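Before reading on, please look over the sequence and the three-dimensional structure shown below.

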Amino acid sequence: MQFSWKSLIGKRLLMEPNDHNGGPREYKLIEVSPSGDMLKFENSRGKTFWCPRQQYTMLEDLGRDGGGK
């Protein structure tokens, strides 16, 4: 799937971790590094974290908070 991570900033995403079988997780994409290699997510508890974009596979765009895409 070819897309721009920057176009997904502010959206809720259903993500699948590539490093273990934890099942799909919902995160909000907060920021993308200038290189595009690192993504900053917010989890459902409001904690933010950076991770390499290769660490997750995006399964679905769930839209923005409070409604559709």
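In this model, which is predicted, the count of aromatic pairs comes to 5. In one of them, the ring centres of Tyr-27 and Tyr-56 are 5.6 Å apart and the ring planes stand at 80 degrees to each other, so the pair is edge-to-face. Because Tyr-27 belongs to strand S2 and Tyr-56 to strand S5, this pair ties together parts of the chain that are 29 residues apart in sequence. Tyr-27 counts as buried, since its relative accessibility is 8%, and for Tyr-56 the relative accessibility is 8%, so Tyr-56 counts as buried.

Tyr-56 also pairs with Phe-41: their ring centres lie 6.0 Å apart with the planes at 70 degrees, so this pair is edge-to-face. Phe-41 sits in strand S3, which covers residues 38-42, while Tyr-56 sits in strand S5, so the pair ties together parts that are 15 residues apart in sequence. Both Phe-41 and Tyr-56 are buried. Tyr-27, Phe-41, Phe-49 and Tyr-56 together form one aromatic cluster.

From rings we turn to charge. Side chains of opposite charge can pair when their charged atoms come close. How many salt bridges does the structure hold? The structure holds 3 salt bridges, and they are set out in the table.

| Salt bridge | Distance, N to O |
|---|---|
| Lys-11 and Asp-61 | 3.1 Å |
| Glu-26 and Arg-12 | 2.8 Å |
| Asp-37 and Arg-53 | 3.5 Å |

In the salt bridge between the side chains of Lys-11 and Asp-61, the N to O distance is 3.1 Å. Lys-11 lies in the segment before strand S1 (12-17) and Asp-61 lies in strand S5, so this pair ties together parts that are 50 residues apart in sequence. Lys-11 and Asp-61 are buried.

The side chain of Asp-61 makes a polar contact with the side chain of Lys-11 at 3.1 Å, and a polar atom of the Asp-61 side chain lies 2.7 Å from the backbone nitrogen of Gly-63.

The side chains of Glu-26 and Arg-12 form another salt bridge, at 2.8 Å from N to O. This pair links distant parts of the chain, with Glu-26 in strand S2 and Arg-12 in strand S1, 14 residues apart. Glu-26 has a relative accessibility of 40% and therefore counts as partly exposed, and Arg-12, with a relative accessible area of 22%, is partly exposed.

The side chains of Asp-37 and Arg-53 meet in a salt bridge at 3.5 Å, N to O. Here Asp-37 is in the loop between S2 and S3, and Arg-53 is in the loop between strand S4 (48-52) and S5, so that the pair links distant parts of the chain, 16 residues apart. Asp-37 counts as partly exposed at 35% relative accessibility, and Arg-53 is partly exposed with a relative accessible area of 33%.

Is Val-32 buried or exposed? Val-32 has 9% relative accessibility and so counts as buried. This residue lies in strand S2, which runs over residues 25-32. Leaving aside residues up to four places away in sequence, Val-32 touches Trp-5, Lys-6, Ile-9, Met-38, Leu-39 and Trp-50. The C-alpha atoms of Val-32 and Leu-8 are separated by 9.4 Å, and the two residues are 24 residues apart along the chain.

Notes
Residues numbered from 1 in each chain as written. Heavy atoms only, no water. Polar contact = N/O pair within 3.5 Å; in protein donor to acceptor, adjacent residues only side chain to side chain. Helix = DSSP H or I, 4+ residues; strand = E, 2+ residues; numbered from the N terminus. Buried < 20%, exposed > 50% of the residue type's maximum accessible area, 1.4 Å probe, protein only. Contact = heavy atoms within 4.5 Å. Phe/Tyr/Trp six-rings, centres within 6.5 Å; stacked < 30°, edge-to-face > 60°. Salt bridge = Lys/Arg side-chain N within 4 Å of Asp/Glu carboxyl O.
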